Amino acid sequence: MSGTIHAARRRGSWLRQLRRRMDNAMFTRARYSQPMMPVMCLLGGLFMPLYWFIWTYLLPQPYENLWLHLAGCAVLLPLAAQHWWPRACKPWLPLYWYVAITFVLPFFFGYLTLRNGGTIGWMAAHLFSIFITMMLFDLASFALIFSLGTGLAALAFQLGPHEAWPLHAMLQYAPVLALTLVLGPLASLSQKFGDQAKVKALIGASNNIAHELRTPLGSVQLAGRAIGRYLPHLLESHRLAQQAGLPVAALRSPHLQALQRGVGVIEHEVNHANTVIDMLLMAARPMGKLHMEPLHARACVEQALARYPYASRAERERVHLVPGPQDFVVKGSEPLLTHVLFNLLRNALFHTGRAGKGEIRVSLDNDAGGHCIRLRDTGPGIPPDVLPRIFNRFYSYSEGDSDTGLGIGLAFSQNAVERMGGRISCRSRWGEYTEFFVTFPSATLPNVPSGQGLPA
């Protein structure tokens, strides 16, 4: 019985991953096309009835259908007005984009090419539609859209009123179509390989930049420590010289306090810069083989909250660890789990800071569903059209024009948690809260008593 349940869970997990990958692929291609989408769809929608007029009266074709052209126009115009879609509808934009292009390009042009008996004009238009589809989508998406649209066009031609299949025209068209279908995807693949090479070059450049930054940061840190070590002796010597009546410059108490604070600021800023460099490099590099070991969850959380380089005392005071006996043991990598917590904490601090409100509470839960580290902030929340995309690599979001970063932190966190056998999820209510869950399956290791650590 338990084996059947585990098999069903594995199949469910595989289906969820497949659906997520398809959804992310659709979103990625729709996002890349979004800058040109409004203008392209507006022109396409306007040209649909215009070309019906041309093919009907100026260059008459054997078959034309005004309602089909108007349907294509009606499908495209909502994409031209995507900026005015309600937020509740925007998560459906990628799917609608795929459906609209499938109808307007392979189905529309394929069906009318068949109904017109493969005339030269419609064959050229059909090739044009193929090239446009290749430009808009990657190889897998193009294969899906072209196959589905062409199949539906052939089915509609067969089931509806039609003449005989234009076999002679199709035989003449087949070599050109085959060459187009072979060479077009090759161009798409070459572009993909070029993009991968660019990503590798960027990773190499980031490694070099990080190395060049660490050297002066190390020098600044050593200089700050030297100042901190000898500054008390210098101040004491200055005080004794003043008491002896020697001609020395007067130092007021605020100046002395500023010098002492400056030593701490240097140390804090250097640690903060090194932490950010570590986080960016770990998120950018591919993960190698992990050293997995039993980890006490509460100790990891306490250590991460204590080590995080807060920008100010006010930031530190916004973070609270919920007290309680909950604790558990997970098998994972301590550096990875620490950086996952760093990423979640950094995002929460950034958005609560921009909103000027909210606090952050970190808690541990242990129930039949597994072990969970929960991070909840009462900041601005995440809009519903953005929430499904936050774990996409290179996707970042912010209200307004401010820059939120590279969009690799949450994608790295998801990959890291899954490599440790867990999963990460998020729920949010826009304007109220955001809550992240880092969940691990129930382990066979016994629970451990709560450790001593950071006060809530």
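A crossing of two helices counts as right-handed if the near helix is turned clockwise from the far one by less than a right angle, and as left-handed if the turn is anticlockwise. The exercises below concern a predicted model.

**Exercise 1.** Describe how helices H5 and H6 pack, giving the distance and angle between their axes, the handedness of the crossing and the residues that meet.

*Solution.* Two packed helices are described by the angle between their axes and the distance between the axes. Begin with the axes of H5 (residues 120-136) and H6 (residues 139-159), which come within 9 Å and cross at roughly 145 degrees. Next take the handedness, which for H5 and H6 is right-handed. Then list the residues that meet: H5 contributes His126, Ile130, Thr133 and Met134, while H6 contributes Phe142, Ile145 and Phe146.

**Exercise 2.** Decide whether Asn343 is buried or exposed, and find which side chain its own side chain contacts.

*Solution.* First locate Asn343, which lies in helix H11 (residues 334-355). The relative accessible area of Asn343 is 3%, and because buried means under 20%, Asn343 is classed as buried. Then turn to the side chain of Asn343, which makes a polar contact with the side chain of Arg346 at 3.1 Å.

How values were computed: Residues numbered from 1 in each chain as written. Predicted model: local features only at pLDDT ≥ 70, side-chain atom pairs only at ≥ 80, totals over all residues. Heavy atoms only, no water. Axes fitted to C-alpha atoms, helices over the stretch in contact; angles between N-to-C directions. Helix = DSSP H or I, 4+ residues; strand = E, 2+ residues; numbered from the N terminus. Contact = heavy atoms within 4.5 Å. Buried < 20%, exposed > 50% of the residue type's maximum accessible area, 1.4 Å probe, protein only. Polar contact = N/O pair within 3.5 Å; in protein donor to acceptor, adjacent residues only side chain to side chain.
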